[in-house]
Amino acid sequence: MSITNLLENWSDFRQQHPSDDRPHREYKWAMSIDLDSCTGCNACSVACYAENNLPVVGKEKFAHGHSHHWIRIERYWDNDGREFADQGAQFLPMLCQHCESAPCETVCPVGATNHTADGLNSQVYNRCVGSRYCNANCPYKARYFNWYDYPTTDNVWPEPMNQQLNPDVTVRGKGVMEKCTFCVQRLTVAKSNARSAGRGVLDGEVQTACQQVCPTGAISFGNLVDPLAKVGKQWMTQQVELNKDKQAKDVKDVEEKAAKLRGYRILEELRTYPSVMYLEQLRESAI
Amino acid sequence: MGKDIREDIAWAQINKDVLKSLESPRRMYWVILFIAIAMIGVAVGCEIYQYTTGMGVANKNNSHVWSLYIATFIFWIGMSHSGTLLSAILHLMHADWRKPIYRFAEAMTTFSLMTAGLFVLVHLGRLWMVYYVMPYPNERWVWPNFQSPLVWDMFAIATYLSSSVLFLYVGMIPDLAICRDNIHAGWRKKLYTVMSLGWEGTDRQWRNFRITYLTIACFLIPLAVSVHSIVASDFAMSNMPGWHVTSFPPYFVAGALYSGCAAIITLFIILRYVFKFEEYMTLPIMKKLVRLTFAIAMVWTYLNLIEFASVWYGHDQTAKDQLIFKATGPYAPYFWAMIFFGSILPLMLAFKRFQTHLPILFVVSILLNVGMWLERWMIISPSFAHGHYPWTWDHDQWPSLVQWGIVFGSFGWFTLLFMVFCKVFPSVSMYEVKEMVYHRSLALKHKPAVKGDY
């Protein structure tokens, strides 16, 4: 927050509601995840570890809840009386939802987490003091704190493994909060390349690491402002709108239509306006 | 009910009695001081370990990011409210029974705020960057986020701390002059000389003193209410089930006054016993204090029930689940202990028999504060353990010994500050006790002598 912002364009600094689309003239990065395609293979999580220099904390710390998976696969079982093994898990990849009205952003005492003009929820590691208020207020608990000093004292990348660290991404020290960035380092490069070529970023020109490795193509990522982008089309066919807290699928008047709609966002009723749309899994009973 | 204070205590006797408390500490004093320092040692050790290793040793985790530090932080902030209640609010209400006991209550305010402030530092992941929270000019014009309740906290606590230090000090000036005039030469004499600011007790000085004192008292009251309301906003402004409650600010303020009053009872009994202040910290005053505590306990109970009721009848299923989880889940023993210590136990304060029974009051007042500490913990931890998102439910998280050690040590830190204060500064306000005695004796003169209450 600069003094200029304070004095001159306070209203620009914080958009009040996502329907106020001024900040997203060119780009609004968004994602859609098809739960029907997701096999729970965890490749996205592994790719994220490699791309974003996430520390592998080890079994013991993982059990203590000190893990750093920016994208995690959650497993759910239907509790319908079947035997445990027969139930068949359902999977849900959970990552930072890059909410348009993010609860984490307003509460950070130092303004370390902000909304970018591209609709990303950014995290400034240098600025973070580690109050962890953002994670306290995150309904998804999609933020991860550096509970230990992984790069040095915990030595998670012993020689020569430090050679495989991604040079485009900071290695975080202890005491800062971190979370999924939608691979902002790739977005920056793509935007820069596109700017040199005198055009906008094309659909498919930039992929997030999780999207890139997903064997079933369950994850799509792109610019919601671009009418040709796959993500935008998916959102549109599912009648999922960014600035609504209830989507067509769950609205009663369109019940007949609703049978075919699968798009929803998680904990929408909290009015966080997430940028990640999930496509419901098709159940056997529904077919 | 007997008299709050005898009207025939000589002024010189008051000076003598109070000044005696500043002299030659008994062996017990040193023992307690040593224990307090040892407790601080434990906390410092834990903090050094946590600082060098990382916050992970506190055994918090990604879904349970706050724990005992924040709970104890609220506890100490709460503790600080009663001093202001006694010294400022009752001052404006001309309740003169506060006079013999407000000084140490005010000191308690200051020291518990100083303790609370430490928890903010202990809690931070990068405490070496804590100055980022303050708005200071820098070359990039980067400011803190003024929307964040934590920033409001920083302002509120800093303001409250500086104002209550000022209030404590200003109220002490005439007494410091008495100390200066009566104490033998040494470093203390120099200290009192400097701190009493050349007080001579002239009419002009008294007039200015009264106005200053009244002004600060008026300034302090809204601060006391706002500081805990803002601490409550840390929770009420967030969207966690169990925190997102409109009635939190008054609930927190009531809880703060409650735990503070209970702490005053505890310290009252200790000071009365240790310094033999039976003439000043009398049983009738204790009775009034206990009744005040009882009233506040009932207000707190009411607000607590309001919170439960509004959750229960509200439409927020998550908050309702959260409440049921609190009452039946792994935190249930602590939750019910909180209800028992906070709401059931104080009922016995309604009985006259217990209102002046010091040993019972001593135990009860400590238990009330245990209940209030549990209350703060029950606000923090169950909400994290059972939040909005079922996948992050973590019912097994338990604070590590590092956290308990630091919480334990904070009591030592508070004790140390308070013990040092009691020996360096008069813990009973001499000039106000004199005033009280004088007013009472005047009233006695004007009124035909009748036995009994007044």
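Everything here comes from a predicted model.

To start with chain A, its secondary structure comes to eleven helices and ten strands. Of the 287 residues in this chain, 43% are buried. As for how the chain folds back on itself, take the contacts between residues at least 6 apart in sequence: 62% of them link residues at least 24 apart.

Next comes the place where the chains meet. Here 40 residues of chain A are in contact with 36 residues of chain B. On the chain B side, the top contributor is helix H6 (residues 149-182), which puts in three residues. By residue type, that side of chain B splits into 18 nonpolar, 16 polar and two charged residues.

Now for the packing. The largest nonpolar core runs to 184 residues, and B:Met108 and B:Ile264 have the most contacts inside it. Helix H9 of chain B (residues 248-274) supplies 16 residues to this core, the most of any contributor. Leaving aside residues up to four places away in sequence, B:Ile264 touches B:Met108 itself, along with B:Ser82, B:Leu86, B:Ile101, B:Ala105 and B:Leu289.

Helix H9 of chain B also holds B:Tyr273. This tyrosine counts as partly exposed because 13 C-beta neighbours lie inside 10 Å, while a buried residue would need 20 or more.

Notes: Residues numbered from 1 in each chain as written. Chains lettered and ligands numbered in written order. Predicted model: local features only at pLDDT ≥ 70, side-chain atom pairs only at ≥ 80, totals over all residues. Core = buried A, V, L, I, M, F, W, Y, C linked by C-beta atoms within 7 Å. Buried ≥ 20, exposed ≤ 12 C-beta atoms within 10 Å, placed from the backbone. Helix = DSSP H or I, 4+ residues; strand = E, 2+ residues; numbered from the N terminus. Contact = placed C-beta atoms within 7 Å. Nonpolar A, V, L, I, M, F, W, Y, C, P; charged D, E, K, R; others polar.
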